[in-house]
Amino acid sequence: MNTFFSDWYYLSIRNIKLIWRPIMALIPSLFMPIFFFAVNSLSLSAFAKVPGFPNVSYKDFIAPVAIFTAIFFSAGNAGIELVQDITGGYLKKLIIMPINKLAIVLAKLVEVAFQSIMQGLIMLVLLLLWGVHFHSGILGVFTIFGILVLFAMGWSCISMIIALRAQNARLVQSMFLLVFPLLSITTSAAPRALLPHTFAVATDYNPVTYIIEAIRALVLNGFGDPAITKGFIAAGTMFVVLVTLTVISFRKTLK
Amino acid sequence: MSKNIIEVKNLVKTYPPDVKAVQGVTFDVKEGEFFGFLGPNGAGKSTTMNMLVNLVKKTSGSVKIDGLEVDQNLDEVYKRVGFAMQEVGLDEVATAREMMQLHGRLYHLQPAEIDAQIKKLLKLVELEKVADKFTSTYSGGMRRRFDLALSLIHNPKILFLDEPTQGLDPHARQLIWGHIKNLNKQGMTIFLTTHFMDEAEQLCERIAIMDKGVIVTEGSPAELMKKHDAKNLEEVFLKTTGSNLANEEVNNNAADPYIRARQ
């Protein structure tokens with residue numbers, strides 16, 4: 001245990017260094033959310049005038065989706081990197097070191113958290129420049145990042161579990177396809193009241209809905225909205241369950 | 001008389017349903033010895049070597065490294081061994097110095113000790129000039145040499161080398177041989193697997209040849225040549241192992257479960 005924190009720290013630094021080299025590699029995962037935010041906020045702005053739509057601009061309404069999507073797209077990369085470490089032989093090097101092996105997995109989570117914060121910050125700056133107003137202020141921004149980081153770490157665990165079980169980069173990469181249904185079957189584009197009944201019920205079963213709603217509450221309304229707590233519960237539950245499953249998978253891989 | 005630093009008794013590895021990759025292998029390696037572990041493809045060499053450091057779980061048998069039962073003292077064993085594997089496995093966008101610093105820290109060395117080791121080892125493998133370049137810019141030979149240096153960062157007592165010169169040109173091979181010989185002269189125990197018989201003949205003091213999961217012969221190169229009435233080690237190898245290609249087992253330890261299932 002006495003070396004656990006130093007092992008965790010140094011492996012985290014290693015992972016963080018690798019994701020920023022080259023820095024240009026971070027752009028593709030930002031391109032999609034920026035593109036969709038720009039296109040949707042311009043082309044669908046009139047949607048905000050539809051009866052039943054909250055009294056906010058469409059741009060402000062979809063801003064949480066842009067921040068969320070930036071993180072959603074990139075968090076799955078942790079699994080691909082893990083496959084590279086396995087197939088390239090680097091994981092073996094780590095396994096035959098006198099380190100706490102749990103630090104290998106937890107260092108991946110630190111990498112994901114760091115990447116999420118950096119990509120989220122870039123999106124935040126772009127949104128502020130675009131004129132989006134964050135009603136909950138700086139404390140709200142910290143809260144948004146808290147929810148996002150929990151979600152990102154949980155989501156990255158799915159890719160890591162696939163990586164540990166399948167050890168196949170193409171299979172891990174195909175997890176990318178899950179982003180679209182998970183993002184679409186939510187209230188990302190329209191409030192729940194304006195959705196067809198069946199679709200609205202389906203969004204209730206999607207944890208991503210609660211996360212988007214929590215961020216939206218912080219952007220549009222400030223603190224006090226129960227959606228914020230629900231978002232934390234959804235992200236926190238995903239985090240606890242998926243991190244536990246990842247650790248179990250990792251221990252199984254070592255056996 | 002040197003003590004045994006590696007002691008292997010009745011080591012067995014069976015993959016489901018009933019593939020016997022290693023069938024009761026027993027051998028010892030003395031401290032400071034240069035030991036060669038040879039055999040045709042699929043003979044069970046890499047499986048045996050991986051079991052020695054618990055990278056592959058043994059089915060039965062016993063492995064002791066420096067007097068320590070491996071599966072009960074993993075961290076202590078890992079402090080004593082270095083392993084240069086077939087897969088070089090480097091961080092492509094890290095420099096040699098960064099990787100060595102990281103590994104030194106993960107072996108819990110003091111910063112001054114890490115710096116001294118980096119300087120010494122990069123000089124040993126003649127990579128001082130490219131210490132601050134990304135490893136992705138290295139040639140195949142440079143990558144192998146760097147991997148050798150990396151496996152030595154914690155100054156291990158035993159160095160495992162799994163085909164360290166595979167895919168290298170003769171010049172690069174000679175360089176690696178020189179480095180390994182020097183390490184052995186300094187007292188490091190070397191455990192080498194290779195397919196190059198000239199390599200084994202030149203470097204190893206004692207050799208075990210494995211075939212179909214068992215050790216078929218063991219001794220110094222001179223003893224083996226005499227025993228099997230052969231002109232060189234290659235002839236010994238051919239006489240003791242024959243061709244194994246038709247009966248070669250599939251890789252039941254393949255990383256990808258899909259590939260394993262297809263086999």
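These exercises, each with a worked solution, explore a predicted model.

Residues are numbered from 1 along each chain as its sequence is written, while chains are lettered from A and ligands numbered from 1 in the order in which they are written. Local features need pLDDT of at least 70 and side-chain atom pairs count only at pLDDT 80 or more, whereas totals for chains, interfaces and linings use all residues; side-chain values use heavy atoms, with hydrogens and water left out.

Helices (H or I, at least four residues) and strands (E, at least two) are DSSP runs, numbered from the N terminus.

**Exercise 1. Describe how H1(A) meets H3(B).**

Step 1. Look at the axes. Axes are lines fitted to C-alpha atoms, for helices over the stretch in contact, and angles run from 0 to 180 degrees between N-to-C directions.

Step 2. Name the arrangement. The crossing angle makes H1(A) roughly antiparallel to H3(B). Angles under 35 degrees count as roughly parallel, over 145 as roughly antiparallel, 65 to 115 as roughly perpendicular and the rest as oblique.

Step 3. List the residues. From H1(A) come A:Asp7, A:Tyr10, A:Leu11, A:Arg14 and A:Lys17; from H3(B) come B:Glu98, B:Leu102, B:Arg105 and B:Leu106. Contact means heavy atoms within 4.5 Å.

Step 4. Sort them. This contact of H1(A) with H3(B) has 4 nonpolar, no polar and 5 charged residues. Ala, Val, Leu, Ile, Met, Phe, Trp, Tyr, Cys and Pro count as nonpolar, Asp, Glu, Lys and Arg as charged, and the others, Gly among them, as polar.

**Exercise 2. Describe the pair H7(A) and H12(A).**

Step 1. H7 spans residues 137–166 of chain A, and H12 spans residues 226–254 of chain A. Their axes come within 8 Å and cross at roughly 30°.

Step 2. That angle makes H7(A) roughly parallel to H12(A).

Step 3. Count by class. The contact of H7(A) with H12(A) holds 19 nonpolar, 8 polar and 2 charged residues.

**Exercise 3. Trace the open sheet of 4 strands in chain B.**

Step 1. Read the order. It is E2-E1-E4-E5, with antiparallel pairing. Two strands pair if DSSP finds at least two bridges between them.

Step 2. Find the edges. E2 (19–30) and E5 (68–69) of chain B each have a single partner strand, so one side of each is left without a neighbour in the sheet.

Step 3. Check one pair. E1 (residues 4–15) and E4 (residues 60–65) of chain B are antiparallel, over 5 bridges. B:Ile6 stands opposite B:Ile65 in E4(B).

Step 4. H1 of chain B (residues 45–52) lies across E1, E2 and E4, at about 120° to E1(B).

**Exercise 4. Trace the open sheet of 6 strands in chain B.**

Step 1. The order is E6-E7-E8-E3-E9-E10, and the pairing is mixed. E6 (81–84) and E10 (214–219) of chain B are the edge strands. The twist averages 15° from one strand to the next.

Step 2. E3 (residues 34–38) and E8 (residues 189–193) of chain B pair in the parallel sense over 4 bridges. Here B:Gly36 has B:Leu192 as its bridge partner in E8(B).

Step 3. H6 of chain B (residues 170–185) packs on the sheet and touches E3, E7 and E8.

**Exercise 5. Is A:Leu195 buried or exposed?**

Step 1. Apply the cut-offs. Buried means under 20% relative accessible area, exposed over 50%, partly exposed in between (1.4 Å probe, protein chains only). A:Leu195 has 16%, so this residue is buried.

Step 2. Name its contacts. Beyond neighbours within four places in sequence, A:Leu195 touches A:Thr186, A:Thr187, A:Ala190, A:Ala200 and A:Thr203.
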